[in-house]
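Good morning, and thank you for coming. Please look at the structure on the screen while I take you through a few of its features.

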Amino acid sequence: MIGAALRNLELESVPIATPTGRLVGASGLLLESRGCPLSTGQRCSVETGNGDWIDAQVVGFREDVSYLMPFKRPEGLATGARVLPQTDRDVLRIGPSWLGRIVNGLGEPVDSRGRLGGEHVLDMQPPRVNPLKKKPVKDALDVGVRAINGILTLGKGQRVGLMAGSGVGKSVLLGLITRQTVADIVVVGLIGERGREVREFIDLSLGEAGMKRAIVVVAPADESPLMRLRATELCHSIAAHFRDQGKDVLLLVDSLTRYAMARREVALALGEPPATRGYPPSVFSLLPQLVETAGNGEREEGSMSAIYTVLAEGDDQQDPVVDTARAILDGHIVLTRQLAERGHYPAIDISQSISRCMALVATHQHQRAARSLLAMVAKHAQVRDLLPLGAYVPGADPATDKAVELYPKIEAFLHQGTREAAPLTQTIAALEGLMA
């Protein structure tokens with residue numbers, strides 16, 4: 001009796017028919033399906049004319065039409081093609097074997113080094129932590145950059161943005177930070193960048209030693225917007241996993257602007273009206289949801305620090321994405337073209353930059369020295385244009401005289417070569433000695 005009941009139960013679990021939708025429209029990257037109920041976020045397979053299948057995801061619906069977006073470039077689609085919903089949940093397994101590997105937005109390896117695996121299931125959606133249970137930022141993060149360690153000291157668990165226009169050195173500075181930062185694991189997301197830069201960043205910025213502790217997630221500019229979104233979210237999921245395993249993790253995303261642009265492409269394709277400079281309102285509500293998944297977790301051990309590059313189009317620091325990032329992050333580091341054109345590297349404008357967590361991780365003596373240096377730079381900026389003309393006359397203001405005298409040493413302190421290391425303790429000692 002029991003065996004017959006079990007057999008009947010097994011037979012009842014076998015579906016009588018497979019629900020199938022039909023492709024009724026395709027406009028750009030947006031596909032329209034009818035005939036099968038689909039839920040938003042669900043994965044589907046779409047049949048092509050030559051009998052192959054492409055993966056897509058439901059991004060919206062209107063009445064009985066479901067809107068899908070493929071992960072990869074669709075080719076050979078035809079009206080009436082079958083659309084099969086994927087009922088099995090995506091399962092990615094992660095472990096130490098991921099270190100040194102390069103994957104795409106779906107977690108598939110792209111480095112031709114075989115399959116990935118692990119003992120833990122990785123959720124594709126980054127976990128959210130109750131803000132009241134997050135471990136506070138209380139330890140300094142050594143990023144190996146003198147201007148940041150000394151004047152804009154970061155903390156473990158802090159989220160900061162690198163704001164700059166194109167060609168000012170964001171990616172080069174990111175590479176320096178990647179090599180020098182004291183962290184157990186580095187998760188790098190190369191989102192929407194040129195394909196050439198992917199190989200250069202891996203070979204030149206990371207190098208063989210850096211790759212041993214790094215996981216790189218790539219979604220170049222020629223990938224679909226959905227793949228760029230998934231790659232950015234996967235970066236956060238990977239970093240959060242190792243954070244919860246008790247590791248000190250550094251997350252680098254290049255760039256947050258490309259993520260916002262991918263969100264804009266999806267929203268505009270769905271018919272959402274553009275608002276600020278072509279960005280629909282939903283983009284600015286989703287950016288905080290993403291960055292809030294970064295930072296520390298509930299456990300005392302382990303941390304997750306995040307650095308995002310943000311492209312200021314036309315060097316406009318009031319660009320909507322830049323302005324939003326400045327408001328939702330724990331600090332911003334501004335790179336200016338004026339400094340870059342003078343050959344000052346890294347081109348960090350310390351007077352426009354701020355670390356909101358420096359007061360939590362730096363000593364009072366260190367903070368006092370940093371404030372003194374900032375005051376010197378501000379005094380020097382007031383008379384900078386007068387110095388080449390010989391119009392500045394010393395003696396009127398002792399503070400300005402001292403700023404003019406010390407500025408060459410200050411500039412040398414802030415300047416750093418691309419292969420030069422600047423440990424935190426050494427930087428603080430040099431700063432306090434300079435401002436003594």
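**A charge over a ring**

In this predicted model, the charged end of Arg264 sits over the ring of Tyr279, at 4.3 Å from the ring centre. A charge is said to sit over a ring if NZ of Lys or CZ of Arg is within 6 Å of the ring centre and within 35 degrees of the ring normal.

A word on conventions. Residues are numbered from 1 along each chain as its sequence is written, and side-chain values use heavy atoms, without hydrogens or water. Because the model is predicted, local features need pLDDT of at least 70 and side-chain atom pairs pLDDT 80 or more, while totals for chains, interfaces and linings use all residues.

Let us turn to the chain as a whole. The protein chain has 13 helices and 18 strands, which are DSSP runs numbered from the N terminus (helices H or I, at least four residues; strands E, at least two). Of its 436 residues, 52% are buried, that is, under 20% relative accessible area with a 1.4 Å probe, protein chains only. The C-alpha atoms fill a box of roughly 100 × 45 × 40 Å along the principal axes.

Finally, consider Asp254, in strand S15, residues 248-254. Which side chain of opposite charge is nearest to Asp254? That is Lys170, 6.1 Å away, and the buried Asp254 has no salt bridge (a side-chain nitrogen of Lys or Arg within 4 Å of a carboxyl oxygen of Asp or Glu). Here Lys and Arg count as positive and Asp and Glu as negative, with His and the chain ends not counted.

Definitions and conventions. Buried < 20%, exposed > 50% of the residue type's maximum accessible area, 1.4 Å probe, protein only.
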